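Please open the structure and keep the sequence beside it. The notes below are meant to be read with both in view.

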Amino acid sequence: MRSDIEIAQATEMKDIAEIAKKVGINEKYLEKYGNYKTKVNLDVYEDLQGKEDGNLILVTAINPTSAGEGKSTTTVGLVEALNKEGHFTIGCIREPSLGPVFGVKGGAAGGGYSQVIPMEDINLHFTGDMHAIGIANALIAALIDNHIHQGNELDIDINNITWKRCVDMNDRSLRSVTIGQNRPGSKANGVERQDGFNITVASEVMAILCLSTDMDDFKARIAKIIIGYNTAGKPVTVKDLKAVGAVAMVMKDALKPNLVQTLEHNAMFVHGGPFANIAHGCNSLMATKLALRLADYVVTEAGFGADLGSEKFIDIKSRIGELHPKCIVIVATVRALKMHGGQPKDELKEENVDALLKGVANLEKHIETVQSYGLPYVVAINKFAADTDKEREALFGWCQEKGVTAVESDVWANGGAGGKELANAVVDACAQNKDFNFIYDINDSFEDKLHKIVTTCYGANKAVLTEDAQKTLKLLKENGLDKLPLCMAKTPASLTDDPKVLGRPTDFDITVSELRVSAGAGFIVALTGAVMTMPGLPKVPAAERMDVTEDGKIVGLF
């Protein structure tokens with residue numbers, strides 16, 4: 001079997017203008033980056049006045065394991081399948097971060113015969129959006145320290161600066177650093193203070209990019225970013241630094257959605273990429289809204305499992321963007337469920353129905369979470385070659401017994417043709433056209449919001465705030481910032497805040513170790529357990545197997 005990159009490189013791509021024309025985008029709105037990728041100018045809405053939105057389909061999953069679930073592959077394959085079945089469909093996914101590309105997780109452009117291309121470009125520098133976000137974040141950081149160095153008119157408390165620097169790489173050495181170090185008697189390098197780095201996808205600039213509706217909205221949100229507090233405990237914002245215009249200038253092109261194509265030459269928007277374990281985990285609202293205006297069906301994904309990604313899609317993105325999902329797809333695999341049932345990864349090729357039926361409790365919890373939204377759902381069982389007939393029969397038997405609509409998906413091996421049954425099930429689910437529920441009311445107290453998330457989506461007893469988190473919450477309440485939606489930062493590997501606890505645990509609490517307010521994005525980030533906003537590289541990084549041949553061909557990239 002050929003690797004993902006070999007499959008992608010063997011595909012003859014169509015000119016992106018042809019793909020755009022196919023979905024009704026006039027070429028005058030394209031800002032092309034070569035022949036196969038383009039940004040779409042938001043003036044395109046002038047041609048779309050009066051059009052009704054299509055049906056929005058959200059793809060989520062069980063808690064991911066190192067065995068892999070194929071959520072992005074299912075997302076892309078469902079786009080292929082729906083189009084093959086005659087339903088005008090566009091996909092919307094996130095841009096990959098270079099950190100996991102060179103680390104262990106991989107990219108985010110699908111796999112096998114359900115991929116988005118050009119996959120090398122998408123997984124590397126693409127159209128420069130990540131670079132723009134990194135520079136915008138760095139500009140704010142530089143202006144903060146320059147302001148302090150030049151006299152600190154805003155009376156910024158150097159021990160209470162919340163804005164961190166960022167880089168789009170997994171680099172644990174940058175989590176905590178000292179900046180502004182000078183030689184004795186010198187002040188040339190600024191004021192010495194403690195600082196740290198996030199990975200770029202955890203920057204509030206990324207979150208704002210993904211939740212803005214246009215440039216004016218983006219600038220209004222950037223202005224609200226709280227970079228820290230003054231010595232009186234009052235927030236200091238990017239507007240106070242007079243940096244809004246410069247940041248908007250740096251981000252001018254990054255705000256425009258990126259359009260590319262699938263292996264079967266269907267349209268895919270790839271725009272924005274916040275992680276779901278440390279950020280809100282959804283592609284840009286601008287791309288999603290544009291796709292909804294163009295197509296009859298729009299397939300998008302939220303990061304990781306329904307405990308993280310779909311909760312944030314519903315409670316943050318759908319709330320802010322006034323979106324109405326029509327159906328949720330929950331991706332699961334036989335092998336991942338066996339891991340949740342206690343089977344070691346190196347034994348997954350061995351048949352183990354007992355482990356499967358024990359691990360299916362994890363799927364059951366995610367189904368319950370999705371049901372709490374009040375939306376129709378379909379379970380997609382992503383097929384792998386090692387799955388045995390007995391295992392498949394046991395899993396589908398369980399689903400039938402529980403009244404769960406479940407279909408097998410074979411889009412990795414067969415592209416759109418392998419997703420026909422899934423596509424038909426999703427169309428039937430969308431036809432139910434049900435209203436949906438948020439997990440919490442926006443006017444709930446911070447404590448009530450937190451309690452509803454951890455009990456409803458994780459199955460925890462309660463949330464416990466550390467002393468530091470309690471101090472921050474007191475500060476947020478004093479400044480009227482405690483009524484914002486919550487963005488939970490939690491390990492994706494477990495329903496708990498401990499990545500080693502698989503399956504469906506019971507009788508546990510969630511520890512909130514830190515709170516960070518993202519006033520521009522419009523939410524409070526609650527960090528749980530030992531989750532990091534700057535990941536580290538594994539013992540054997542994926543980067544070690546990557547190379548470029550003499551003729552410029554990339555090899556080893558998945």
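What follows is a set of numbered points, each on one part of the model.

1. Ground rules. This is a predicted model, where local features need pLDDT of at least 70 and side-chain atom pairs count only at pLDDT 80 or more, while totals for chains, interfaces and linings use all residues. Residues are numbered from 1 along each chain as its sequence is written, and side-chain values use heavy atoms, with hydrogens and water left out. Helices (H or I, at least four residues) and strands (E, at least two) are DSSP runs, numbered from the N terminus.

2. Lysine 14. Find this residue in the loop between helix H1 (4–9) and helix H2 (16–22).

3. Partners of lysine 14. Set aside its neighbours within four places in sequence. Lysine 14 is then in contact with Ile19, Asn35, Tyr36, Gln261 and His265. Contact means heavy atoms within 4.5 Å. Look also at threonine 262. It is 248 residues from lysine 14 in sequence, yet the two C-alpha atoms are 10.0 Å apart in space.

4. The buried side of H9. Helix H9 spans residues 244–251, and its buried residues are Val244, Val247, Ala248 and Met251. They lie on the same side of H9, because they cover an arc of only 100 degrees around the axis. That arc is taken from the directions from the helix axis to the C-beta atoms. Among the elements covering these buried residues are helix H6 (129–149), helix H7 (204–211) and helix H8 (215–224).

5. H6 against H9. The two axes come within 9 Å and cross at roughly 165 degrees. H6 is therefore roughly antiparallel to H9. On the side of H6, the contact is made by Ala132, Ile133, Ile135, Ala136, Leu139 and Ile140. H9 contributes Ala246, Val247, Val250 and Met251.

6. How the angle is read. Axes are lines fitted to C-alpha atoms, for helices over the stretch in contact, and angles run from 0 to 180 degrees between N-to-C directions. Under 35 degrees counts as roughly parallel, over 145 as roughly antiparallel, 65 to 115 as roughly perpendicular, and the rest as oblique.

7. Cysteines. Cysteine 210 is buried, at a relative accessible area of 0%. Cysteine 457 is buried too, also at 0%.

8. A cis peptide bond. Check the bond that joins isoleucine 117 and proline 118: it is cis, with omega at about 5 degrees. Proline 118 lies in the loop between strand E6 (114–117) and helix H5 (119–123).

9. Two aspartates with positive phi. Aspartate 155 is not a glycine, but its phi is positive, about 55 degrees. This residue lies in the loop between H6 and strand E7 (156–161). Aspartate 155 is partly exposed, at 36% relative accessible area. Aspartate 507 also has a positive phi of about 55 degrees without being a glycine. Look for aspartate 507 in the loop between strand E21 (486–489) and strand E22 (509–518). Aspartate 507 counts as exposed, because its relative accessibility is 65%.

Technical notes:
Buried means under 20% relative accessible area, exposed over 50%, partly exposed in between (1.4 Å probe, protein chains only).
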